Amino acid sequence: MTQKVQTLLIFGASGDLTARLLLPGLAQLLTAQPERRLRLIGAGGVEWTDDEWRKVVTTSFAEVNASGAAIDALMASTTYVYADVTDPAELQKLIDLADGTPAIYFALPPAVAAKVVVSLQKVTFPAGLTLALEKPFGMDVPSAMALNGELAKLVPENQIHRVDHFLGRSTIFNILGLRFANRIFEPVWNSEHIAKIDVVYDEQLGLEGRAGYYDTAGALVDMIQSHLLQVMAVLAMEPPSTLGQDDLRDAKEIVLRATRLWNDDPKQSSHRARYTSGTIDGRTLPSYVDEKGVDPARETETLAEVTLEISTWRWKGVPITLRSGKALGERRREIVITFKPANQLPVGLTGESSPTVLRLYVAPDAMSLEIDINGPGDPYELERASLEATFGDGQLLAYREVLAGILDGDPTLSVRGDSAVEGWRILAPVIAAWKADEVPLEDYAAGSEGPDAWDQVG
Ligand code: NDP
């Protein structure tokens with residue numbers, strides 16, 4: 001049955017996020033759900049005609065082979081408005097264009113999005129309005145709290161989606177299934193059995209022309225403050241009784257509230273570095289500081305590593321290292337859970353015993369469980385074996401899940417206001433120590449594994 005028409009207003013529709021991630025995600029959702037009827041209104045700072053906008057939409061939709069009745073209906077009705085969305089009068093006009101209760105996606109620079117939130121207070125809109133905001137949400141604890149306060153003047157918390165698209169990734173769903181649908185993992189998922197956890201998201205890509213955003217954010221804010229802390233929260237949370245928005249988000253928030261820097265010491269528990277020129281897979285990258293638009297005086301890190309502790313009965317004493325960077329030699333996206341050594345080996349078993357390691361790979365999703373067994377040669381000698389599995393085909397785009405949550409009014413997979421603030425609270429001592437130059441900004445050649453002196457993660 002065809003559904004009632006909804007409207008999605010994308011503010012910042014002329015930008016990179018819209019074309020590269022939002023529109024393909026939307027197309028995948030509508031292709032899978034042809035009964036949806038969605039009116040799409042783009043508003044942006046580039047003076048496009050409706051036809052030019054439609055070309056942008058068509059190109060992005062083609063990437064995922066979009067088709068079906070919902071796509072046709074959207075293409076027939078989508079429009080674009082060249083507007084300054086910080087202006088209350090223009091905002092009012094845009095909201096008045098919507099059919100039914102709209103959802104607004106802020107695909108805008110964060111400072112502009114914050115201004116729009118204030119301008120919306122001067123506008124009349126339907127009570128069910130949904131607001132979706134991108135990361136970074138604020139730039140520190142006070143600004144995130146202030147933005148939460150301004151949003152609260154507009155709509156209730158469950159109509160606010162602080163998007164963290166990592167929460168829409170199949171990896172997150174796989175962690176839930178692995179941990180909570182199998183008897184063998186949960187009993188050992190604690191400090192009695194786990195020695196350390198590493199969450200690594202190393203990319204081979206360099207800046208790729210995104211200095212405007214990245215040079216003011218850096219690896220810590222771009223990746224760790226949002227995505228990797230959220231992954232950690234799902235990995236470490238107590239089993240929720242339901243996956244409803246309150247239970248899941250409460251469970252994550254409890255983890256984040258209990259998280260602090262390892263030994264409360266930003267100097268020992270954080271590292272930062274910036275890439276110099278080098279070669280990755282035959283591609284030569286210039287030094288980060290020579291990339292177009294970079295201001296070297298900002299001392300922006302392109303590789304960040306932070307070690308944390310979750311001060312709860314379950315996790316006390318387990319170091320959790322979150323690491324992410326650009327221009328590295330190897331693309332490594334994985335969660336590495338290293339177990340403690342066996343309590344006692346029977347006398348007579350020879351060879352080297354290594355701890356069991358569980359690796360959960362991200363995009364493409366897979367896992368390996370590295371264990372010691374008796375080798376095929378000497379039956380009393382330990383050898384290493386790896387049990388490998390791939391999880392599905394991982395075809396679903398994270399932004400499809402994000403947009404489904406927004407259009408269905410289900411904020412389960414978005415970040416709640418208190419958790420957004422906790423992310424900044426956890427990392428505030430690191431940001432302060434880096435600003436005060438108490439942690440050196442090291443160098444690594446593009447294409448390397450990062451600075452030699454850093455401990456190996458994973
Ligand atoms: P862009 O700078 O590419 O796009 C922002 C768009 O907003 C531009 O087209 C800009 O138009 C428009 N804009 C700015 N001010 C106004 C205004 N007052 N009225 C109307 N339009 C305006 O940024 P991105 O798309 O890359 O990022 C948007 C958000 O998404 C950011 O918060 C970013 O952190 C987040 N994000 C981006 C990702 C990405 O891969 N791009 C990934 C994850 C999150 P103009 O410049 O002509 O003014």
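Where in the chain does proline 136 lie, in terms of strand E5 and helix H6? Proline 136 lies in the loop between strand E5 (130–133) and helix H6 (141–152). Those labels come from DSSP runs numbered from the N terminus, with H or I runs of at least four residues for helices and E runs of at least two for strands.

Hi everyone, a word on ground rules. This is a predicted model, so to speak of local features we need pLDDT of at least 70, side-chain atom pairs count only at pLDDT 80 or more, and totals for chains, interfaces and linings use all residues. Residues are numbered from 1 along each chain as its sequence is written, and side-chain values use heavy atoms, with hydrogens and water left out.

Back to the loops. Lysine 135 and proline 136 are joined by a cis peptide bond, with omega about -5°. Alanine 363 and proline 364 are also joined by a cis peptide bond, with omega about 5°. You will find proline 364 in the loop between strand E15 (357–361) and strand E16 (366–374). Then there is aspartate 281, which is not a glycine but has a positive phi of about 50°. Aspartate 281 sits in the loop between strand E10 (278–280) and strand E11 (283–285). As background, most residues other than glycine have a negative phi, and most peptide bonds are trans.

Now the ligand. There are 25 residues surrounding the ligand, where near means a heavy atom within 4 Å. The closest are Ser14, Asp16, Leu17, Arg20 and Asp84. For polar contacts, the cut-off is a pair of N or O atoms within 3.5 Å. A polar side-chain atom of aspartate 16 is 2.7 Å from a ligand nitrogen atom. Glycine 15 places a backbone N or O atom 3.2 Å from an oxygen atom of the ligand. From arginine 210, a side-chain N or O atom is 3.3 Å from a nitrogen atom of the ligand.

On to helix packing. Axes are lines fitted to C-alpha atoms over the stretch in contact, with angles from 0 to 180 degrees between N-to-C directions. The axes of H1 (residues 16–32) and H2 (residues 50–62) come within 8 Å and cross at roughly 70°. In H1, Thr18, Ala19, Leu23, Pro24, Leu26 and Ala27 meet Trp53, Val56, Val57, Ser60 and Phe61 in H2, contact meaning heavy atoms within 4.5 Å. By class, this contact of H1 with H2 has 9 nonpolar, 2 polar and no charged residues. Here Ala, Val, Leu, Ile, Met, Phe, Trp, Tyr, Cys and Pro count as nonpolar, Asp, Glu, Lys and Arg as charged, and the others, Gly among them, as polar.

Which way do H7 and H8 run relative to each other, roughly parallel or roughly antiparallel? The axes of H7 (residues 170–180) and H8 (residues 211–236) come within 9 Å and cross at roughly 15°, and H7 and H8 are therefore roughly parallel to each other. Ile172, Ile175, Leu176 and Arg179 of H7 make the contact with Val231, Val234, Leu235 and Ala236 of H8. The class tally for H7 with H8 is 7 nonpolar, no polar and 1 charged residues.

Last one: the axes of H8 and H12 (residues 417–435) come within 10 Å and cross at roughly 140°. That makes H8 oblique to H12. Thanks, everyone!

Note on methods:
A polar contact is a pair of N or O atoms within 3.5 Å; within protein, one must be able to donate a hydrogen and the other to accept it, and residues adjacent in sequence count only if both atoms are side-chain atoms. Angles under 35 degrees count as roughly parallel, over 145 as roughly antiparallel, 65 to 115 as roughly perpendicular and the rest as oblique.
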